[in-house]
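Visitor: I would like to learn how to read ring contacts and strand pairing in a model. Please take them in turn.

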Amino acid sequence: TVALPDVHARRLDGPLNLDGVLSEPIWTGEGVPARFIQSDPVEAAEPSFPTEVHVLYDNSAVYVGARMRDAHPDSIVARLCRRDQGSRSDEFTLYLDPFHDRRSGYWFVISAAGTLRDGVLYNDGWDDDSWDGVWQGKAHIDSAGWTAEMRIPYSQLRFKKSEQYRWGINFRRTLARRNEQDMIAYTPRNESGFVSRFPDLV
(Lines give C-alpha, C1' and ligand atoms only; values in the text may rest on other atoms or scores of the structure.)
Protein backbone atom coordinates (compact mmCIF):
# COMPACT_ATOMS: atom_id res chain seq x y z
CA THR A 1 0.00 0.00 0.00
CA VAL A 2 1.20 3.49 -0.85
CA ALA A 3 1.42 5.76 2.21
CA LEU A 4 -1.06 8.61 1.85
CA PRO A 5 -0.08 12.18 2.78
CA ASP A 6 -0.88 13.37 6.30
CA VAL A 7 -4.10 15.29 6.87
CA HIS A 8 -3.41 18.44 8.90
CA ALA A 9 -6.07 19.81 11.22
CA ARG A 10 -6.17 23.57 11.83
CA ARG A 11 -6.95 25.11 15.20
CA LEU A 12 -10.32 26.83 15.51
CA ASP A 13 -10.03 30.05 17.54
CA GLY A 14 -13.56 31.24 18.04
CA PRO A 15 -17.17 30.17 17.71
CA LEU A 16 -18.53 28.16 14.80
CA ASN A 17 -22.19 28.24 13.82
CA LEU A 18 -22.94 24.62 12.99
CA ASP A 19 -25.58 25.12 10.29
CA GLY A 20 -24.22 23.05 7.41
CA VAL A 21 -23.27 26.19 5.47
CA LEU A 22 -19.51 26.71 5.18
CA SER A 23 -19.84 30.50 5.62
CA GLU A 24 -17.15 31.12 8.26
CA PRO A 25 -13.85 32.44 6.85
CA ILE A 26 -11.89 29.51 8.33
CA TRP A 27 -13.60 27.13 5.87
CA THR A 28 -12.31 29.12 2.88
CA GLY A 29 -8.61 28.34 3.48
CA GLU A 30 -6.70 25.44 1.99
CA GLY A 31 -8.63 22.21 2.33
CA VAL A 32 -7.20 18.80 3.03
CA PRO A 33 -4.95 17.86 0.06
CA ALA A 34 -6.34 14.32 0.24
CA ARG A 35 -7.44 12.96 -3.12
CA PHE A 36 -10.73 11.10 -3.44
CA ILE A 37 -10.86 8.11 -5.77
CA GLN A 38 -13.73 5.79 -6.67
CA SER A 39 -14.04 2.50 -4.83
CA ASP A 40 -17.38 1.75 -6.56
CA PRO A 41 -18.57 1.17 -9.20
CA VAL A 42 -15.25 1.63 -11.06
CA GLU A 43 -12.36 0.90 -8.71
CA ALA A 44 -9.57 3.53 -8.81
CA ALA A 45 -11.43 5.75 -11.33
CA GLU A 46 -11.69 9.51 -10.97
CA PRO A 47 -14.81 10.59 -9.03
CA SER A 48 -17.73 12.04 -11.02
CA PHE A 49 -17.50 15.29 -9.02
CA PRO A 50 -14.86 16.80 -6.71
CA THR A 51 -15.12 16.78 -2.91
CA GLU A 52 -13.24 19.20 -0.64
CA VAL A 53 -12.75 18.62 3.09
CA HIS A 54 -11.46 20.77 5.97
CA VAL A 55 -10.57 19.47 9.45
CA LEU A 56 -10.50 21.84 12.45
CA TYR A 57 -10.13 21.31 16.20
CA ASP A 58 -10.41 23.20 19.46
CA ASN A 59 -10.11 22.16 23.11
CA SER A 60 -13.35 20.21 23.07
CA ALA A 61 -13.99 18.72 19.64
CA VAL A 62 -12.94 17.89 16.09
CA TYR A 63 -14.83 19.68 13.30
CA VAL A 64 -15.15 18.63 9.68
CA GLY A 65 -16.51 20.76 6.84
CA ALA A 66 -17.11 19.12 3.46
CA ARG A 67 -18.12 20.53 0.07
CA MET A 68 -19.61 17.90 -2.25
CA ARG A 69 -19.64 19.51 -5.69
CA ASP A 70 -22.38 18.32 -8.05
CA ALA A 71 -23.15 19.56 -11.58
CA HIS A 72 -26.81 18.55 -11.08
CA PRO A 73 -27.80 19.65 -7.56
CA ASP A 74 -31.48 19.01 -8.32
CA SER A 75 -30.57 15.30 -8.60
CA ILE A 76 -29.01 15.04 -5.12
CA VAL A 77 -30.85 12.30 -3.21
CA ALA A 78 -31.84 13.67 0.22
CA ARG A 79 -34.43 11.38 1.81
CA LEU A 80 -35.45 12.14 5.38
CA CYS A 81 -35.42 9.18 7.76
CA ARG A 82 -34.88 8.40 11.43
CA ARG A 83 -31.46 8.60 13.02
CA ASP A 84 -29.31 5.51 12.35
CA GLN A 85 -31.49 4.38 9.44
CA GLY A 86 -29.98 4.14 5.97
CA SER A 87 -32.04 5.83 3.23
CA ARG A 88 -29.97 5.37 0.05
CA SER A 89 -29.28 9.12 0.06
CA ASP A 90 -26.19 11.11 -0.86
CA GLU A 91 -23.91 10.90 2.18
CA PHE A 92 -20.60 12.02 3.64
CA THR A 93 -18.75 9.75 6.10
CA LEU A 94 -15.92 10.59 8.50
CA TYR A 95 -13.80 7.69 9.82
CA LEU A 96 -11.50 8.19 12.84
CA ASP A 97 -8.91 5.90 14.45
CA PRO A 98 -8.10 7.92 17.63
CA PHE A 99 -6.11 5.10 19.27
CA HIS A 100 -3.98 4.99 16.10
CA ASP A 101 -3.82 1.21 16.44
CA ARG A 102 -4.70 0.81 12.72
CA ARG A 103 -7.42 -1.69 13.66
CA SER A 104 -10.25 0.11 15.42
CA GLY A 105 -12.13 3.38 15.26
CA TYR A 106 -15.42 5.18 14.73
CA TRP A 107 -17.52 6.27 11.77
CA PHE A 108 -19.91 9.21 11.49
CA VAL A 109 -22.31 9.66 8.56
CA ILE A 110 -24.43 12.63 7.54
CA SER A 111 -26.84 12.48 4.61
CA ALA A 112 -27.69 15.38 2.32
CA ALA A 113 -30.99 15.56 4.24
CA GLY A 114 -29.11 15.96 7.54
CA THR A 115 -29.80 12.48 8.97
CA LEU A 116 -27.03 11.13 11.22
CA ARG A 117 -25.67 7.58 11.57
CA ASP A 118 -22.64 6.28 13.46
CA GLY A 119 -20.85 3.17 14.63
CA VAL A 120 -17.52 1.60 15.52
CA LEU A 121 -14.81 -0.16 13.53
CA TYR A 122 -12.84 -3.17 14.78
CA ASN A 123 -10.54 -5.93 13.46
CA ASP A 124 -9.29 -3.56 10.70
CA GLY A 125 -12.44 -3.73 8.61
CA TRP A 126 -15.48 -4.94 10.52
CA ASP A 127 -18.05 -2.48 11.76
CA ASP A 128 -20.92 -2.33 14.22
CA ASP A 129 -23.67 0.30 14.07
CA SER A 130 -25.13 -0.34 17.54
CA TRP A 131 -22.86 2.31 19.14
CA ASP A 132 -24.53 5.73 19.41
CA GLY A 133 -22.36 8.77 19.93
CA VAL A 134 -23.49 12.26 20.94
CA TRP A 135 -22.34 14.59 18.15
CA GLN A 136 -23.75 17.21 15.80
CA GLY A 137 -24.02 17.42 12.04
CA LYS A 138 -25.88 19.67 9.63
CA ALA A 139 -26.22 19.58 5.82
CA HIS A 140 -27.22 22.17 3.22
CA ILE A 141 -27.99 21.84 -0.50
CA ASP A 142 -27.11 24.79 -2.76
CA SER A 143 -26.50 25.58 -6.43
CA ALA A 144 -23.01 24.01 -6.41
CA GLY A 145 -23.95 20.71 -4.73
CA TRP A 146 -24.18 20.27 -0.99
CA THR A 147 -22.19 20.97 2.14
CA ALA A 148 -21.91 19.38 5.57
CA GLU A 149 -20.53 20.43 8.96
CA MET A 150 -19.78 17.97 11.77
CA ARG A 151 -18.72 18.42 15.39
CA ILE A 152 -17.36 15.34 17.18
CA PRO A 153 -16.68 16.00 20.91
CA TYR A 154 -13.55 14.35 22.33
CA SER A 155 -15.77 13.04 25.16
CA GLN A 156 -17.26 10.55 22.65
CA LEU A 157 -13.88 9.12 21.60
CA ARG A 158 -11.41 6.90 23.41
CA PHE A 159 -7.76 7.87 22.95
CA LYS A 160 -4.53 8.14 24.89
CA LYS A 161 -3.52 11.55 26.24
CA SER A 162 -0.45 12.85 24.43
CA GLU A 163 1.60 15.99 23.71
CA GLN A 164 0.95 15.72 19.99
CA TYR A 165 -1.89 13.72 18.58
CA ARG A 166 -1.66 11.48 15.54
CA TRP A 167 -4.86 9.64 14.63
CA GLY A 168 -5.99 7.73 11.57
CA ILE A 169 -8.61 9.44 9.39
CA ASN A 170 -10.58 8.69 6.25
CA PHE A 171 -13.53 10.13 4.32
CA ARG A 172 -16.17 8.68 2.03
CA ARG A 173 -18.66 10.37 -0.27
CA THR A 174 -21.70 8.47 -1.51
CA LEU A 175 -23.36 9.60 -4.74
CA ALA A 176 -26.64 7.72 -4.53
CA ARG A 177 -27.97 8.12 -8.08
CA ARG A 178 -24.78 6.57 -9.52
CA ASN A 179 -24.22 4.01 -6.74
CA GLU A 180 -20.83 5.68 -6.47
CA GLN A 181 -18.48 5.62 -3.47
CA ASP A 182 -15.48 7.98 -3.45
CA MET A 183 -12.89 7.59 -0.69
CA ILE A 184 -9.41 8.69 0.31
CA ALA A 185 -8.40 5.15 1.32
CA TYR A 186 -10.40 2.10 0.31
CA THR A 187 -9.99 -1.68 0.37
CA PRO A 188 -9.46 -3.09 -3.15
CA ARG A 189 -11.92 -5.86 -3.96
CA ASN A 190 -9.41 -8.70 -3.81
CA GLU A 191 -7.68 -7.47 -0.64
CA SER A 192 -8.50 -7.01 3.03
CA GLY A 193 -7.76 -4.39 5.66
CA PHE A 194 -9.41 -0.98 5.96
CA VAL A 195 -8.38 1.01 9.06
CA SER A 196 -4.71 0.09 8.42
CA ARG A 197 -4.89 2.02 5.14
CA PHE A 198 -5.99 5.36 6.67
CA PRO A 199 -3.72 8.39 6.31
CA ASP A 200 -2.66 10.13 9.54
CA LEU A 201 -4.49 13.11 11.02
CA VAL A 202 -1.95 15.45 12.63
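Guide: Start with the rings: those of Phe, Tyr and Trp (its six-membered ring) pair if their centres lie within 6.5 Å, with planes under 30 degrees apart counted as stacked, over 60 as edge-to-face and the rest as tilted. This is a predicted model, in which local features need pLDDT of at least 70, side-chain atom pairs count only at pLDDT 80 or more, and totals for chains, interfaces and linings use all residues. Residues are numbered from 1 along each chain as its sequence is written, and side-chain values use heavy atoms, with hydrogens and water left out.

Visitor: Which residues form one aromatic cluster?

Guide: The cluster consists of Y106, F108, W131 and W135.

Visitor: How many aromatic pairs does a search of the whole structure find?

Guide: The search returns eleven. In one of them, the ring centres of Y106 and F108 are 6.4 Å apart and the planes lie at 20°, so this pair is stacked. F194 and F198 make an edge-to-face pair, with 5.0 Å from centre to centre and 90° between the planes.

Visitor: Are Y106 and F108 buried or exposed?

Guide: Buried means under 20% relative accessible area, exposed over 50%, and partly exposed in between (1.4 Å probe, protein chains only). Y106 and F108 are both buried. F194 and F198 are buried as well.

Visitor: Now the strands. What is the order of the strands in the open sheet?

Guide: Helices (H or I, at least four residues) and strands (E, at least two) are DSSP runs, numbered from the N terminus. Two strands pair if DSSP finds at least two bridges between them. Here five strands make an open sheet in the order β1-β3-β4-β10-β9, and the pairing is mixed. The edges are β1 and β9, each with a single partner strand, so one side of each has no neighbour in the sheet.

Visitor: How many bridges join β3 to strand β4?

Guide: There are seven, and β3 and β4 (residues 61-69) run antiparallel. L56 faces Y63 in β4, while V53 is opposite A66. Five of the seven residues of β3 (residues 51-57) are buried.

Visitor: In which sense do strand β1 and β3 pair?

Guide: β1 (residues 10-11) pairs with β3 in the parallel sense, over two bridges. R11 has Y57 as its bridge partner in β3.

Visitor: What joins β9 to β10?

Guide: A hairpin does, through two residues. β9 (residues 136-142) and β10 (residues 145-153) run antiparallel, with seven bridges. Q136 is placed opposite R151 in β10.
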